[in-house]
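Student: I've got a structure open and some questions about it. Can we go through them one by one?

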Amino acid sequence: MLIRQIRDGLLREIEHQLVASGIAINYSQHLVVKIIAKHGPQMPGDLARFLDHNAGAMTRLIDQLEDKGYVRRKPHAQDRRALTIELTPAGDELWRRMSQFIERAQDLALRDLNAADRTRLFDLLKSVRDTLDETP
């Protein structure tokens with residue numbers, strides 16, 4: 001529950017910064033931009049699986065981002081029946097700005113921790129994550 005509350009608090013702070021800067025995107029749209037920015041063009045089905053969306057919901061989400069000018073559909077390089085989704089220059093700029101908001105939110109959340117405490121916190125969280133990843 002505590003981890004969920006921390007996540008929600010970080011998201012509220014990021015959303016507040018997005019709204020204050022005039023950027024109107026929701027969390028799911030933010031995730032699509034983030035995934036593509038970090039991992040390159042993606043197929044819609046892969047994005048849908050990552051977000052746990054069905055195909056229809058993913059299509060609507062991509063449509064919304066495309067209407068805002070942040071992504072575009074392109075034919076897949078090896079499979080002419082498939083499409084990939086990539087960021088436009090506006091999408092790249094959006095990611096640059098969103099990255100700054102994420103960093104500010106993290107800095108705010110951790111401002112009362114010294115460097116040693118931050119390192120210890122990250123080490124503990126990684127340990128919990130790794131334990132869960134190893135559990136069948």
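Student: How many residues apart are Asp 46 and Arg 49 in helix H3?
Tutor: This is a predicted model, so keep that in mind throughout. Asp 46 and Arg 49 both sit in helix H3, which runs over residues 44-51. About one helical turn separates them, and that corresponds to a spacing of 3 residues.

Student: How far apart are the closest N and O atoms of Asp 46 and Arg 49?
Tutor: In general, an α-helix has 3.6 residues a turn, so residues three or four places apart point the same way. Asp 46 and Arg 49 form a salt bridge. Their closest N and O atoms are separated by 2.4 Å.

Student: Is Arg 49 buried or exposed?
Tutor: The cut-off for exposed is over 50% relative accessible area. Arg 49 comes in at 61%, so the label for Arg 49 is exposed.

Student: Which residue forms a salt bridge with Glu 93?
Tutor: Look in helix H5, 3 residues from Glu 93, about one turn of the helix. The closest N and O atoms of the pair are 2.5 Å apart, and the partner is Arg 96.

Student: What distance does H5 reach from its first C-alpha to its last?
Tutor: H5 covers residues 89-110, which makes 22 residues. At 1.5 Å a residue, 32 Å would be expected. The model comes out close to that, with a reach of 32 Å.

Student: Within what arc do the buried residues of H5 fall?
Tutor: The buried set in H5 includes Leu 94, Trp 95, Met 98, Phe 101 and Ile 102. Seen down the axis, the buried residues line one face of the helix, because they fall within an arc of 155°.

Student: Which exposed residues does the face of H5 turned away from its buried side carry?
Tutor: The buried side of H5 is covered by elements including helix H1 (2-20), helix H2 (27-39), strand E2 (83-87) and helix H6 (115-134). Turn to the face pointing away from that side, and the exposed residues there are Pro 89 and Glu 103.

Student: How many salt bridges does the structure hold?
Tutor: One of them links Arg 129 and Asp 130, with the closest N and O atoms 3.1 Å apart. Elsewhere, salt bridges with shared partners join Arg 4, Arg 7 and Asp 8 into one network. For the structure, the number of salt bridges is 8.

Notes. Residues are numbered from 1 along each chain as its sequence is written. This is a predicted model: local features need pLDDT of at least 70, side-chain atom pairs count only at pLDDT 80 or more; totals for chains, interfaces and linings use all residues. Side-chain values use heavy atoms; hydrogens and water are left out. Helices (H or I, at least four residues) and strands (E, at least two) are DSSP runs, numbered from the N terminus. The expected span of a helix is 1.5 Å times one less than its number of residues. Buried means under 20% relative accessible area, exposed over 50%, partly exposed in between (1.4 Å probe, protein chains only). The arc is that of the directions from the helix axis to the C-beta atoms. Contact means heavy atoms within 4.5 Å. A salt bridge is a side-chain nitrogen of Lys or Arg within 4 Å of a carboxyl oxygen of Asp or Glu.
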